[in-house]
Amino acid sequence: MPGSMAAFLVRLAVFVAVAALAACAGSPAPPAEPGGLAIVGAQLIDGTGGDPIPDSVIVIRDDRIVAAGPRETTGIPAGAEIVDAAGQTVIPGLVDMHNHYGGDADAALQMLRTQLYFGVTTARSIGTDNPEQTALMLEAHAGRPDTPRMFTAGRGFSHPGGFNAGARQPTSTDEAREMVRALAGQGVHFVKMWVNEMAEPGLKITPEMRTAIVEEAITNGLVPVAHIDEEADGRQLVEAGLSDFLHTTVRTFGPGGGTPMDDPAPSAEFIRMCLDNNVSFTPTLSIVQNNWHFAEHPELLDDSDLRAAMNPQALARWSDPEARAEVVDADDFETRKAAFRQLQDFVKTMHDAGVRVALGTDSGTANVPMGWGTHHELELYVEAGLTPMDAIVAATATSASVTPPVGEAEFGTLEAGKIADLVVLDADPLEDIRNTLAIGRVMKGGAWVEREGLLPVR
Ligand SMILES: [Zn+2]
């Protein structure tokens, strides 16, 4: 290249760079419509997995995000209410995809309120709702200020005599299909089935029955989802059309659960199937690990928010030094932990292979506290080897993408056009994922949540 040509190109490059800088330095044009609310100065983690934006502007009008981005390029509308969030971090509202709301409808409502207190702005009730609870979940789906945005599977399916007693237990595929249509008539969103032998061997819902349920669910616009313990069941269900499963194939429940497996890793074939069919899964590490976490860490119980969220019987148990010693001094304690490490390795392997990991907890079961448990699950993902950013994406965008209409969620990320569900944190979760519990404020659907009074008074 002639010297003069090279010099020209250098000058041109410098000119373009300077012009670009000049364009950035000027104030961005504010959005045309005045008013709304602007959260200014926070570190923004938008849930997409993109780089955090250190000094951001998030503009909200009504229930939607109008704009979200760096301060230099995101205009603030004239007359907008300014919320100074310098030094804070904003993340999308958390989405917990595996919950059970026990007791009566009042108890279920209290659990929903507790979740919202902790910044869980969307949740899925997964298979144990009676008609009264289903009605509450549908009300919470339509929009109530004091609950997360709910999705429900109503009452789920299992094998006659199998797990669990409250489930629908059809004896023929025709009956199963009829039950799925009845669920659709109730207006639920998911169809849950327990594909396991928790009760006793031989009582697992049959492949024929599973296929009928999956097909009928899809035909009726519902999303089928299954509890699995074994890879062979996972493969059969994916072949039948299922694209979202619960737990992992590391045996946690039922016969052989809680002891390390010889070969716990997902097969290359299963991983391939999951990738080819855009399958997601919700590991629920908490339901296993919380069986001893509070025995090992009783200091956590000093937190009054955790105490309020915890099941009262569990709180009594973990407050008792003898009960805690029984767990941590047991002969099989290290074995249980080794089995749990296999669960975490499964999650890491699937995640690294590109399989979509959502987030769920089994909150509402005895040892998993509502709301608090969702944050702890994030910590368990990071312990498994995911980055804090990966864990946040799982708990927001990925989990949201599993809700119907699948792949079209209007929440779960902080981008223009999305519903404004967010949590303002007083500490940086990228430095320590436990900082997601440093909650300053919660917004759901563009409205600040009145957190005071949401926790139960025990
Ligand atoms: Zn469950």
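Predicted model: local features only at pLDDT ≥ 70, side-chain atom pairs only at ≥ 80, totals over all residues.
Helices and strands are here DSSP runs, counted from the N terminus. On that basis, T284 is placed in the loop that joins β13 (280–282) to α8 (286–289).

Most residues other than glycine have a negative phi, and most peptide bonds are trans. For T284, phi is near 55°, a positive value in a residue that is not glycine. T284 has 29 other C-beta atoms within 10 Å and is therefore buried, since the threshold for that class is 20 or more. D362 likewise has a positive phi, near 70°, without being a glycine. The loop that holds D362 runs between β14 (356–357) and α14 (372–384). D362 also counts as buried, because 24 C-beta neighbours lie inside 10 Å.

Cis peptide bonds were found at two further loop positions. The bond from F163 to N164 is cis, with omega near 0°; N164 belongs to the loop between β9 (149–152) and α4 (173–186). The bond from P404 to P405 is also cis, its omega being near -5°. P405 is located in the loop between α15 (388–402) and β15 (422–425).

In soluble globular proteins, nonpolar side chains tend to be buried together. The largest nonpolar core of the model comprises 117 residues, and those with the most contacts inside it are I58, V90, I213 and A226. Helix α15 supplies the largest share of this core, with 8 residues. When residues up to four places away in sequence are left aside, I213 touches F157, A176, V180, V191, M193 and P224.

Two packed helices are described by the angle between their axes and the distance between the axes. Helix α5 (residues 207–219) and helix α6 (residues 231–240) pack at about 40°, with an axis separation of 9 Å. The two helices are therefore oblique to each other, and α5 passes α6 in a right-handed crossing. On the α5 side the contact is made by P207, R210, T211 and V214, and on the α6 side by Q236, L237 and A240. Classified by residue type, this contact has 4 nonpolar, 2 polar and 1 charged residues.

The second pair consists of helix α13 (residues 333–353) and α14, which pack at an angle of about 80° with their axes 9 Å apart. Helix α13 is therefore roughly perpendicular to α14, because angles of 65 to 115 degrees fall in that class. Q344, V347 and K348 of α13 meet L380, Y381, E383 and A384 of α14 in this contact. Its residues divide into 4 nonpolar, 1 polar and 2 charged.

How values were computed:
Residues numbered from 1 in each chain as written. Helix = DSSP H or I, 4+ residues; strand = E, 2+ residues; numbered from the N terminus. Buried ≥ 20, exposed ≤ 12 C-beta atoms within 10 Å, placed from the backbone. Core = buried A, V, L, I, M, F, W, Y, C linked by C-beta atoms within 7 Å. Contact = placed C-beta atoms within 7 Å. Axes fitted to C-alpha atoms, helices over the stretch in contact; angles between N-to-C directions. Parallel < 35°, antiparallel > 145°, perpendicular 65-115°, else oblique. Left-handed = near helix turned anticlockwise from the far one by under 90°. Nonpolar A, V, L, I, M, F, W, Y, C, P; charged D, E, K, R; others polar.
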